[in-house]
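Please consult the sequence and the structure below while reading.

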Amino acid sequence: MFTITAVVEGQRQSDTPAAFVFPGGESQVTVPAGLRAQADAASEFRIHALLKSADDVMQLLMLTDALRRLNPAVPVHLDMPYVPYARQDRVCNPGEALGAAVFCKLINDQQYATVTVVEPHSDVTPALLQRVRVIDASAFLARALAAPAFANGVTLMAPDAGARKRVQALAKALGVADVRFAEKVRDPQTGRITETRVPADIPAQPVLVVDDICDGGRTFLELASALRDTTRQPVYLYVTHGIFSKGLGELNTRYAGIFTAYDWTGTEGAGAPVLVN
C-alpha cells in the first residue's frame, strides 16, 4: 500500500499511485495525474509505503524513480513503518544471506532525504539504514493501555529475550511498574519452538504481552498456553506490526483482546484486532 504526499506552498496533497504487475511478473507504477500536475511546484515528496511483498519493494523503487523524473530537484522522504527482512539480521547457518543488509542497501541506494521506520525489530536495521528516523511503540502502546481492561493495573510481558530490552524501555517510558519476561527455546535448524517458560510471580492483574511483530503467531500461542498454566488473569496481546499470516482465529481463542498499530489483514468485525493508530 502506497501513499504519495507532495508539499506545495506549505500545503500537503496526497493520493494513491496506480500499481500493477504484468503477466510476466514485472511491476509498474504511475503517479496520479493530480500530483503530476503539481510536481514542478512541489518542495518535497513523501512516500508512505507499507511493504508486504517483493512486488511492493520493486514498486517502491519504481515509484521513487517516477517522482524523481517528474522533479529531480525535490527531496523524497520515505515513511516505511515495517522494514522487510529486519528479522534476517544475522546469519544463523552457513550459506545463508544477511537479508537485512541486502534490503537496507537497496533503500540506501535510493538516497532518500529521510527514512522513517517504526519498531524495526532490532538495533541492526537502524545501524544499516542511512538518514534513518526511528519511531518506537510508546504512543501506540499508550493508546492500548488506555483500554478499560487495564484501568486497575497491568503486567507487561516480553515474550522472549529479544523483546526484553524493548519492553523494559516501554514500561519505563509509560510508567508501568510490573514487567515480566518469558523465555522460548527454538530448534536452530527448524525454528520450531520447543519450550516456553514464564515466571511464577505474575501479579493478580491483566497481562499484556508486548512485541513488535506477529507473523504466524506460534510464539504467542505457545506463550498463552504457558500463561494459562500459571495465572488465571486475562491475557491480552499488543504487536506493532500485525501480519497475522495464519489469521486471527486461534489467537482470538487464546487472548482476551489483540491490539495492533498496523493490521496487515484489514480484518473487521468481532474477531478483528483493536487498532491503536
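**Largest pocket and basis of the model**

Helix α6 gives the largest share of the lining of the largest pocket, namely 8 residues. The model is predicted: local features need pLDDT of at least 70, side-chain atom pairs count only at pLDDT 80 or more, and totals for chains, interfaces and linings use all residues. Residues are numbered from 1 along each chain as its sequence is written, and side-chain values use heavy atoms, with hydrogens and water left out. Helices (H or I, at least four residues) and strands (E, at least two) are DSSP runs, numbered from the N terminus.

- The largest pocket has a volume of about 1600 Å³.
- Of the 45 residues that line the largest pocket, R87, R90, H121, D160 and K184 are the closest to its centre.
- Two or more lining residues of the largest pocket come from each of α6 (161–174), β11, β13 and α7.
- A pocket is defined on a 1 Å grid over the protein atoms alone, as an open set of points where a 1.4 Å probe fits, with protein on both sides within 12 Å along at least five of seven lines; lining residues have an atom within 4 Å of a point.
- Grid points are joined across faces, edges and corners, and a volume is the space filled by probe spheres set on the points.

**Nonpolar cores**

- A nonpolar core is a set of buried Ala, Val, Leu, Ile, Met, Phe, Trp, Tyr and Cys residues joined through side-chain atoms within 4.5 Å. Buried means under 20% relative accessible area, exposed over 50%, and partly exposed in between (1.4 Å probe, protein chains only).
- In the largest core there are 31 residues, and I47, L60, L78, M80 and I107 have the most contacts inside it.
- At least two residues of this core are supplied by each of β1 (2–8), β5 (42–49), α2 (54–70), β6 (76–79), α3 (99–108) and β7 (115–118). Helix α2 provides the largest share, 5 residues.
- Leaving aside neighbours within four places in sequence, I47 is in contact (heavy atoms within 4.5 Å) with F2, T3, L60, L63, T64, L67, V76, H77, L78 and D79.
- Another core lies apart from the largest one and has 25 residues, including A147, L156, A163 and L170.

- L61 is located in helix α2 and is buried, with a relative accessible area of 16%.
- Not counting residues up to four places away in sequence, L61 touches L106 and Q110.
- In helix α7 (residues 218–228), the buried residues are T219, F220, L221, L223, A224, A226 and L227.
- These buried residues of α7 pack against β9 (155–158), β11 (183–186), β12 (193–197), β13 (207–214), β14 and α8 (249–254).

**Aromatic pairs and charges over rings**

- Rings of Phe, Tyr and Trp (its six-membered ring) pair if their centres lie within 6.5 Å; planes under 30 degrees apart count as stacked, over 60 as edge-to-face and the rest as tilted. This rule gives a count of 7 aromatic pairs.
- F140 and Y262 form an edge-to-face pair, 5.9 Å centre to centre with 70° between the planes. The pair links distant parts of the chain, with F140 in helix α5 (residues 138–145) and Y262 in strand β15 (residues 257–263), 122 residues apart.
- F140 counts as buried at 10% relative accessibility, and Y262 is buried with a relative accessible area of 14%.
- The ring centres of Y236 and F259 are 6.4 Å apart and their planes are at 45°, so this pair is tilted.
- Y236 is in strand β14 (residues 235–242) and F259 in strand β15, so the pair ties together parts that are 23 residues apart in sequence.
- Ring pairs link Y236 and F259 with F150 into a cluster.
- A charge sits over a ring if NZ of Lys or CZ of Arg is within 6 Å of the ring centre and within 35 degrees of the ring normal. R68 lies over the face of Y112, 5.9 Å from the ring centre, and the charged end of R164 sits over the ring of F181, 4.1 Å from its centre.

**Positive phi values**

- Most residues other than glycine have a negative phi.
- E9 has a positive phi, near 50°; E9 lies in the loop between β1 and β2 (11–15) and counts as exposed at 75% relative accessibility.
- F244 has a positive phi, near 50°; F244 lies in the loop between β14 and α8 and counts as buried at 2% relative accessibility.
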